[in-house]
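Subject: Handover of a structure, with notes

Dear colleague,

Please find below the sequence and the coordinates that I promised to pass on.

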Amino acid sequence: QVQLVQSGGGLAQPGGSLSVSCAASGNTFGINLWGWYRQAPGKQREVVATITNTGSINYADSVKGRFTISRDNAKNTVDLRMNSLKPEDTAVYYCNVVRFLNSFWGQGTQVTVSS
């Protein structure tokens with residue numbers, strides 16, 4: 001099993017910045033994909049950004065150029081830096097990892113963008 005603990009998030013004004021972090025523990029050997037997803041009220045959960053164990057990164061079109069995903073192998077953490085935030089970025093953000101085809105989720109972190 002893999003345990004994921006998230007931190008960060010909160011409230012920001014439009015145009016502002018926030019970060020969310022995720023720390024993995026337990027059986028972390030073999031994790032081959034790290035990612036951030038989000039779910040806004042009344043909407044389905046959607047992928048925001050992913051990074052593989054070889055460093056290949058993908059972003060949703062809606063966040064390209066504004067969000068940055070990064071990973072620290074030594075600490076088993078993955079971060080999401082969010083700049084130029086928009087009200088439509090408001091959602092609960094979830095960390096996700098895939099290990100040997102098994103998917104694990106963090107507890108979720110609220111990100112609210114409002115003036």
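Predicted model: local features only at pLDDT ≥ 70, side-chain atom pairs only at ≥ 80, totals over all residues.

Residues are numbered from 1 along each chain as its sequence is written, and side-chain values use heavy atoms, with hydrogens and water left out.

Overall picture

The protein contains 0 helices and 11 strands, where helices (H or I, at least four residues) and strands (E, at least two) are DSSP runs numbered from the N terminus. For its 115 residues a compact globule would have a radius of gyration near 13 Å, and the protein agrees with this at 13 Å; the radius is taken over C-alpha atoms, and the rule is 2.2 Å times the number of residues to the power 0.38. Along the principal axes, the C-alpha atoms fill a box of roughly 40 × 25 × 25 Å.

The accessible surface comes to about 6,100 Å², and 49% of it belongs to carbon and sulfur atoms; such areas come from the Shrake-Rupley method with a 1.4 Å probe, and for residues only the protein chains shown count as cover. Buried residues make up 39% of the 115 residues, with buried meaning under 20% relative accessible area, exposed over 50%, and partly exposed in between (1.4 Å probe, protein chains only). Of the contacts (heavy atoms within 4.5 Å) between residues at least 6 apart in sequence, 53% join residues at least 24 apart.

Strands around S8

Two strands count as paired if DSSP finds at least two bridges between them.

S7 and S8 form a hairpin with 4 residues between them. Asn76, in the loop between these two strands, has a positive phi of about 55 degrees although it is not a glycine, and it is partly exposed, with a relative accessible area of 22%. Asn76 is also touched by Ala23, a residue of strand S3. Not counting residues up to four places away in sequence, Ala23 touches Gln3, Leu4, Val5, Asn76 and Thr77, and it is partly exposed at 34% relative accessible area. Ala23 and Arg71 are 48 residues apart in sequence, with their C-alpha atoms 10.0 Å apart in space.

Strands around S4

Strand S4 (31-39) and strand S5 (46-52) pair in the antiparallel sense over 6 bridges, among them the one that joins Leu33 to Thr52 in S5. These two strands form a hairpin with 6 residues between them, and Gly42 in the turn has a positive phi of about 75 degrees. Ala40 is found in the loop between S4 and S5 and is buried, with a relative accessible area of 18%. Not counting residues up to four places away in sequence, Ala40 touches Thr90 and Ala91; the C-alpha atoms of Ala40 and Asp89 are 8.2 Å apart, although 49 residues separate the two in sequence.

S4 is also joined to S9 by 8 bridges, and these two strands run antiparallel; the bridge partner of Ile31 in S9 is Arg99. Phe100 is found in the loop between strand S9 (91-99) and strand S10 (102-105). Phe100 has a positive phi of about 50 degrees although it is not a glycine, and it is partly exposed, with a relative accessible area of 47%.

With kind regards
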